[in-house]
Amino acid sequence: LTIREAMRILRTQNIVSIQRGIGTVVNPINEWSSLDAIIHNSSPETLATFSEQILRARQIVETGAVEIAARHRTSQDLTELTALMKQMQQASDSGDIDEFAATDLAFHTALMQATGNLFISIMFNAFGRSVIVETMRFTSANTDIRTSAMKDHAAILTAVTDKSPERARQAMTGHMDHVVERLRQLTNR
């Protein structure tokens, strides 16, 4: 019964399929639908590539979303984003990488919610919280990188506060480009 349940889960994530006359086969990784499974079954080299691909996919969603957030944000959204910025700064100052990554994710999640569009939040969450946090932990372990991230987040928050969609898009694009650049430096690529 346990094996049947496990196989059912693997089939729903498109990790395996049943082929007549052959039996159960493992599908190519590009057909899998579980980001967690992809990340957990990756080599360190492949993980760096996947992390960059996730960042680029996030960039597509987040640059458009931050424009909408700049137009539709509420005073409550600004209060939450400002509080998260303070928490991120405290975590950075104390060198608490886990807290910094968790708060960084909360900041991006709050931006998605500030759009007022449920489907944007769902698309962002589809990237997988654990996958995003792992990438954030990896890139935020360095003090200079955290300082740079804080500057990028401040620029995003300022643009959203000023209701400037174009500046918000530029700030988010710059932030994502910086993170990819830092990831490449950390992985010597």
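What volume does the largest cavity have? About 110 Å³, in a model that is predicted. The views below take you to this cavity and then to a pair of helices.

**View 1. The largest cavity and the residues around its centre.** The count of cavities of 30 Å³ or more comes to one. A total of 14 residues line the largest cavity, and those closest to its centre are Asp104, Met136, Thr139, His175 and Val179.

**View 2. The helices and the residue classes in the cavity lining.** By class, the lining has six nonpolar residues, five polar ones and three charged ones.

**View 3. The packing of α5 and α7.** Two packed helices are described by the angle between their axes and the distance between the axes. For α5 and α7, the angle is about 125 degrees and the axes lie 9 Å apart. Because of this angle, α5 is oblique to α7. Their crossing is right-handed.

**View 4. The contact of α5 with α7, residue by residue.** On the α5 side you can find Ile97, Asp98, Phe100, Ala101, Asp104, Leu105, His108 and Thr109, which meet Arg129, Ile132, Val133, Met136, Arg137 and Ser140 of α7. Sorted by class, this contact holds seven nonpolar, three polar and four charged residues.

Methods
Residues numbered from 1 in each chain as written. Predicted model: local features only at pLDDT ≥ 70, side-chain atom pairs only at ≥ 80, totals over all residues. Heavy atoms only, no water. 1 Å grid on protein atoms, 1.4 Å probe; cavity = no way out; pocket = protein on both sides within 12 Å on 5 of 7 lines; lining within 4 Å. Points joined across faces, edges and corners; volume = space filled by probe spheres on them. Nonpolar A, V, L, I, M, F, W, Y, C, P; charged D, E, K, R; others polar. Axes fitted to C-alpha atoms, helices over the stretch in contact; angles between N-to-C directions. Helix = DSSP H or I, 4+ residues; strand = E, 2+ residues; numbered from the N terminus. Parallel < 35°, antiparallel > 145°, perpendicular 65-115°, else oblique. Left-handed = near helix turned anticlockwise from the far one by under 90°. Contact = heavy atoms within 4.5 Å.
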